[in-house]
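Hi,

Here is the structure I said I'd pass on to you.

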Amino acid sequence: MLQAMPSLYIGLMSGTSLDGVDGVLVDFSQEKMVVIGHESAPLAPDLRAELLALNTPGPNELHRAALAGNALARAYASVVQRLLKHSGVPAGAVRAIGAHGQTVRHRPQEFDGTGYTLQLNNPSLLAECTGIPVVADFRSRDVAAGGQGAPLVPAFHRGVFGRTGETVLVLNIGGISNLSVLGADGSVAGFDCGPGNALMDHWCQLHTGQAFDKNGDWAAQGQVLPDLLATLLQEPFLRQPPPKSTGRDLFNPTWLSDALAAHSGIRPVDVQATLTELTASACAMSAISHGKNSKTLAVCGGGALNTQLMRRLQALTPGISVAPTDTLGLPALQVEAAAFAWLARQTVQGQTGNLQSVTGARGARVLGAVYPA
Ligand SMILES: Nc1ncnc2c1ncn2[C@@H]1O[C@H](COP(=O)(O)OP(=O)(O)OP(=O)(O)O)[C@@H](O)[C@H]1O
Ligand SMILES: CC(=O)N[C@H]1[C@@H]2OC[C@@H](O2)[C@@H](O)[C@@H]1O[C@H](C)C(=O)O
């Protein structure tokens, strides 16, 4: 039987934007990690619609959530098969898969003082389909230890992007946006800034039929509406001190329509410009207030491809150089999936994955559960 290489891991991420699955095959045997392969697959429209629907209370949720977890595991398995095929690596050589799952509820510390975070998945099915051990449910242990359960990527960001003697900021703009502050002294802070692409995607789909505003071209044709922007920026989460995390539980179409209710006669294109400005402002405010005067802001996640958003982010952060993480050696669309390969490796090696300084947990913990091949 083929011996698994102790250094090969697969990371799978399907995030809050619900656009699809990103998978990477990573080799950790060198001093610097090497991405051997990257595959993306959109979610099938019916699965996407069901996962989106499961973000809000509805009928027969347990049954529907279980079936959605199965369907997601099959989508994950097909990304794994493509990764293996295109890289020529046999399944038996991969030590483990880190599979994030699909967040449908994120309510840490609410209700009973512990709260919960829920990522739909079926790691058993994924292990069965691929023949590779799977690590899953990364967030729950941090929540059980009193933490936010998110963001988890800052520890990985430190390893890949941290520089001695210089503070580096890493901003992920997915459905939600989150910032890592990699201090010159080795310290790490991190938190969710607020909305990322989720509200922009929703508005774009509603008014243009397109899943997202490619390059921000539509937003660039509109005018930012100062009154609406002021209403949106009143959201208390944006001023809440860290540790903090959020999700579609807060930033969802209802949140947006509540804000829009006070503003009539406005053009959809101007709302798109304003939502783009909201995301840029939430990220810029975070980088300025918590960024320790860093001069470098590296952006990952799909938002890094939104030219208009990047333009506005740069304009709102004078003195800071804004660029995609590609400039620091890891392409923007590979960062999160690679982080879950790294988190799986931490778990397999019995090492901790969370940072108390980020999530506010009582301590560092080994995250997730391992499902053998
Ligand atoms: N060319 C592009 N122009 C504008 N926006 C883009 C482009 N490509 C991707 N995006 C945006 O990026 C989103 C996907 O980003 P990403 O894959 O980082 O999200 P995610 O994995 O759901 O993230 P997270 O877990 O951090 O919320 C899309 O929904 C879209 O809004
Ligand atoms: C609960 C949850 O799924 N949170 C995601 C989400 O997407 C972005 C932001 O909100 C971040 O907090 C987190 O994802 C990244 C991968 C993280 O844990 O670092």
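Predicted model: local features only at pLDDT ≥ 70, side-chain atom pairs only at ≥ 80, totals over all residues.

Residues are numbered from 1 along each chain as its sequence is written, while chains are lettered from A and ligands numbered from 1 in the order in which they are written.

The protein chain splits into domain 1 (8-148 + 337-371) and domain 2 (154-328); these bounds come from an automatic or database domain assignment. Their C-alpha centres are 23 Å apart. Where they touch, domain 1 supplies 21 residues and domain 2 supplies 22 residues (contact means C-beta atoms, placed from the backbone, within 7 Å). On the domain 1 side, β5 (102-108), α12 (335-348) and α13 (356-359) each give two or more residues, and β5 gives the most, with five residues. Helices (H or I, at least four residues) and strands (E, at least two) are DSSP runs, numbered from the N terminus. That side of domain 1 has seven nonpolar, 11 polar and three charged residues. Here Ala, Val, Leu, Ile, Met, Phe, Trp, Tyr, Cys and Pro count as nonpolar, Asp, Glu, Lys and Arg as charged, and the others, Gly among them, as polar.

Now, where does ligand 1 lie? Both domain 1 and domain 2 give residues to its shell, so ligand 1 lies between them. There are 23 residues around ligand 1, and G15, S17, G174, G301 and G302 come nearest (a residue is near if its C-beta atom, placed from the backbone, lies within 6 Å). By class, that shell has four nonpolar, 14 polar and five charged residues.

Ligand 2 has 18 residues around it, with T103, A150, P151, V153 and I176 the closest. β5 turns up again here: β5 and β9 (176-182) are the elements giving two or more residues to this shell. Each domain provides at least three residues to the shell around ligand 2.

Last, helix α2 (residues 61-87). Its 27 residues should span 39 Å at 1.5 Å a residue, and its end C-alpha atoms are 38 Å apart, which agrees (the expected span is 1.5 Å times one less than the number of residues). Just after α2, G88 has a positive phi of about 70 degrees.

Cheers

Methods. Contact = placed C-beta atoms within 7 Å.
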